[in-house]
Amino acid sequence: MHRVRQSLSYYNRHGYEPMVLAAEASAVPMTQDSLLVNSIPKDIIIERVKPGSMNISKWLGFRSIAWRAFGQFLKGGNAMIAEHKPDLIFFSTTAFPVCLLGRYWKKKFGIPYVIDMQDPWLSVHYLDKPASQRPKRFWLGYFVDKWMEKWSMARVDGLMSVSEKYISVLKERYPQLKSIPSAVITFGAMAQDMEVADCVRGLEQLESNAEGTINVVYVGRGGHDMAPAFRQLFGALALLKKEDETIYNRLRWYFVGTDYASKDLARKTVEPITRQLGVSDYVIEITDRLPYFQALKLLLRADVLFVPGSEDLAYSASKIYPYVLANKPMFSILPIGSNMFSLLDELNSATLFHFSENEKDELSLKDYLKSLVQKELARPATDWEKFKKYSADKRTEEQCRLFDDVLKECNR
């Protein structure tokens, strides 16, 4: 996963020699990016396992790489642990079923394990939502996740998370976790990635537009939890259309990579809102995920960047650091109290609007959109000195301090 890729260059600097157990990239039905592999130091030990057939798992109703490769991870992990005898096992993935192996390996080999909560494992977000907004087979997934999370957390030795809320919820749910080391550590920022992205060629998602148009870009997932931000944005855009259609016509909107699902299952969540509000003229939503460095290149080619917030205050998009590093005019619509609102406010990297249904706030957002066309676009006054603490090196150092605490507790 992204956190580990960023950290592999720095673990040795902070006292840890990393080894990686991962699935073969070719077996994952997602867009491939060879540049990601090339960014990993050549001296890292990496063992790859080949997952089972996608056709069989699809027939059984399990598409997740975690289930397709579970047996292979078990076998490959057993061999790797027996040979290298690691001090600690670190799970940093959103393919959560793999984390079940932590408890097994701890019993078999006596090795402590740490789980990185980049998203909620057992999500309660959709419990109070109407059926139309819930993922397919929601209840089956909910009860399976509930059992798996409880089983894995019963013996975990340390917790890492991108959000304080995720850890707080787990400690409330499983009181024994209050006595183990834990840390909130967001993903790091890698300026080197932006340099690589700047050299990427062949990007066609952002078309050449007529002179004088402004390209506004968002690269990242959509979803019903972001609908308030989208409705607020396009409500303000509708006001601009009524007030000055000439200015409205100069704005071009791109929403790219809005659904994790494959093409046959992907659903658009941005364009339906634009149609409802009558502002779909210049809005393009592409559900397909882009390779990582192409996504960064898209940010670099944009005139303006937009970041929508989630109803989930704990949501902490890993993409936010590349947005800041792109050093483009940026605005965001976020709930007050959210992690991203606090971060962007601290760094002074974006013009911030909070979730609101107030007419005055909608008019303020409309005026901002108008200013994007009427005024010369200026780069944000980002506080780069404060930004240093969010580097991948600093974030890796924080991870290693947590690993140290876990090993100290286990050796008492």
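Strand β4 (residues 113-117) runs parallel to strand β5 (residues 158-161), and four bridges join them. Two strands count as paired if DSSP finds at least two bridges between them. Strands (E, at least two residues) and helices (H or I, at least four) are DSSP runs, numbered from the N terminus. Within this pair, D116 has M160 of β5 as its bridge partner.

The model is predicted: local features need pLDDT of at least 70, side-chain atom pairs count only at pLDDT 80 or more, and totals for chains, interfaces and linings use all residues. Residues are numbered from 1 along each chain as its sequence is written, and side-chain values use heavy atoms, leaving out hydrogens and water.

β4 and β5 belong to an open sheet of four strands, ordered β3-β4-β5-β6 with parallel pairing. The edges are β3 (89-92) and β6 (182-184). Each has a single partner strand, so one side of each lacks a neighbour in the sheet. From one strand to the next, the twist averages 15°. Helix α18 (residues 392-410) packs on this sheet and touches β3, β4, β5 and β6. Contact means heavy atoms within 4.5 Å. The direction of α18 makes about 165° with that of β5. Axes are lines fitted to C-alpha atoms, for helices over the stretch in contact; angles run from 0 to 180 degrees between N-to-C directions.

## Strand β11 and its partners

β11 (residues 330-334) has two parallel partners here. Strand β10 (residues 304-308) pairs with β11 over four bridges. Strand β12 (residues 351-354) also pairs with β11 over four bridges. From β11 the chain passes through helix α15 (residues 339-347) to β12, a right-handed β-α-β crossover. Right-handed means that, with the strands pointing away from the viewer, the path from the first strand over the helix to the second runs clockwise.

Five of the five residues of β11 are buried, that is, under 20% relative accessible area (1.4 Å probe, protein chains only; exposed is over 50%, partly exposed in between). Both faces are covered. M330, S332 and L334 lie on one side, F331 and I333 on the other.

## Leucine 36

L36 sits in helix α2 (residues 34-38). Its relative accessibility is 23%, so L36 counts as partly exposed. Leaving aside residues up to four places away in sequence, L36 touches R5, Y292 and F293. L36 and S316 are 280 residues apart in sequence and 22 Å apart in space, C-alpha to C-alpha.
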